[in-house]
Amino acid sequence: MEDKIRELLSYYFKDYSHCKVEPVPFGLTNLTQLIEVNDVKYIARIYNRYTKNKESLELEARVTSYLNHANLSFQVPAFLSTNKGDEYVQLPDGTLGAMVSFIEGSVPPLSEERHAAEFGRVVGEISAVLSTVATEKLAYKGQPFSRFYSLHPLADWDRIQSFFEQPPFPIDDADLAFYTEMVVSVQSSPSILNELPSQLVHHDLLIFNLLAKDHSICGVLDFDFIAMDVRCMELAICLNHVLQESDGSWRLLEAFVKSYSIFCRSSSQEIAQLRYMTRIYHIAVLHIYIGQHYAGSNVEPNFTYMMRQFRDRDRWLGENDQSFKTLLETYLL
């Protein structure tokens with residue numbers, strides 16, 4: 001695959017014979033490499049053909065360009081122009097590739113209140129700015145997570161049913177029953193989504209897609225799943241992440257929400273539906289893993305982890321329903 005990276009470089013640089021190519025600790029879906037040309041670092045990416053098409057790549061390039069002109073407190077990767085002025089490349093075999101700017105930093109921790117507060121600040125800031133994008137002018141708006149049979153081309157309804165009827169690796173009967181219960185619960189109330197405000201949502205704002213320097217988050221990465229969706233989906237995903245990483249810490253949860261509220265507020269209806277949105281999120285991620293399985297990847301560890309997280313989170317939200325809503329209403333209404 002390194003040959004493809006060098007082929008990609010030919011579209012951007014006249015002379016790249018002395019470039020340095022190094023792996024990066026992120027980019028599990030796509031082939032991603034750190035490139036250094038003439039003492040300048042870039043990120044080169046060859047996209048997975050199952051999860052990226054021209055429309056989604058153009059959406060990502062347009063949104064990140066907008067964010068790069070929004071005077072944010074952090075950076076997002078900027079797409080480099082090819083020698084012909086294009087934002088991405090389609091190689092002769094049909095593979096898509098692109099070069100983006102490199103952002104220095106390391107994955108931030110999420111173990112103390114100050115970490116959660118910093119995370120909440122960034123999530124609130126980017127959510128607020130994404131709400132200002134003129135989405136009516138977008139030709140393609142991505143796939144909301146509620147369309148969880150359309151998030152991966154190899155994970156439509158038929159393939160999902162086949163996967164669970166004949167699992168390729170051990171799945172507990174209790175997990176299978178829980179998954180079915182959750183899908184039924186979500187599909188029984190589709191009108192809920194039409195009653196909630198929508199905007200562009202990153203969908204993957206986890207600490208693993210953030211970069212920090214000097215205790216401050218300085219970069220937000222991985223806009224692969226950017227799409228129009230219910231606005232509170234972003235909040236549901238990030239609240240779940242805080243609870244997962246902190247083992248259900250109320251202190252960290254409150255620190256996150258308090259900082260998030262500086263930039264964003266929620267309606268009482270959105271707060272009431274966060275458990276519902278969290279269910280959709282977990283189903284969507286499980287379906288993406290199933291698609292990756294059919295594409296040839298070993299997804300058993302990730303799938304098993306996500307299924308366990310799904311059950312833990314839904315139980316926690318059920319047991320702490322009123323206290324959770326009270327906390328959110330204190331800061332977000």
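Biologist: What makes β4 and strand β5 (residues 96-101) a pair?

Modeller: Two strands pair if DSSP finds at least two bridges between them. β4 and β5 share two bridges, in the antiparallel sense, so they count as a pair. Strands here are DSSP runs of E, at least two residues, and helices are runs of H or I, at least four, numbered from the N terminus. This is a predicted model: local features need pLDDT of at least 70, side-chain atom pairs count only at pLDDT 80 or more, and totals for chains, interfaces and linings use all residues. Residues are numbered from 1 along each chain as its sequence is written, and side-chain values use heavy atoms, without hydrogens and water.

Biologist: Why are β1 (20-23) and β4 called edge strands?

Modeller: The open sheet has five strands, in the order β1-β2-β3-β5-β4. Each of β1 and β4 pairs on one side only.

Biologist: How do you know that Glu-112 forms a salt bridge with Arg-114?

Modeller: A salt bridge needs a side-chain nitrogen of Lys or Arg within 4 Å of a carboxyl oxygen of Asp or Glu. The closest N and O atoms of Glu-112 and Arg-114 are 2.8 Å apart. Therefore the pair qualifies.

Biologist: And what makes Arg-114 partly exposed?

Modeller: Buried means under 20% relative accessible area, exposed over 50%, and partly exposed in between (1.4 Å probe, protein chains only). Arg-114 has 47% relative accessibility, so it counts as partly exposed.

Biologist: Why are Arg-315 and Asp-312 about one helical turn apart?

Modeller: Because they are three residues apart in helix α11 (residues 300-319). Arg-315 and Asp-312 also form a salt bridge, with the closest N and O atoms 2.9 Å apart.
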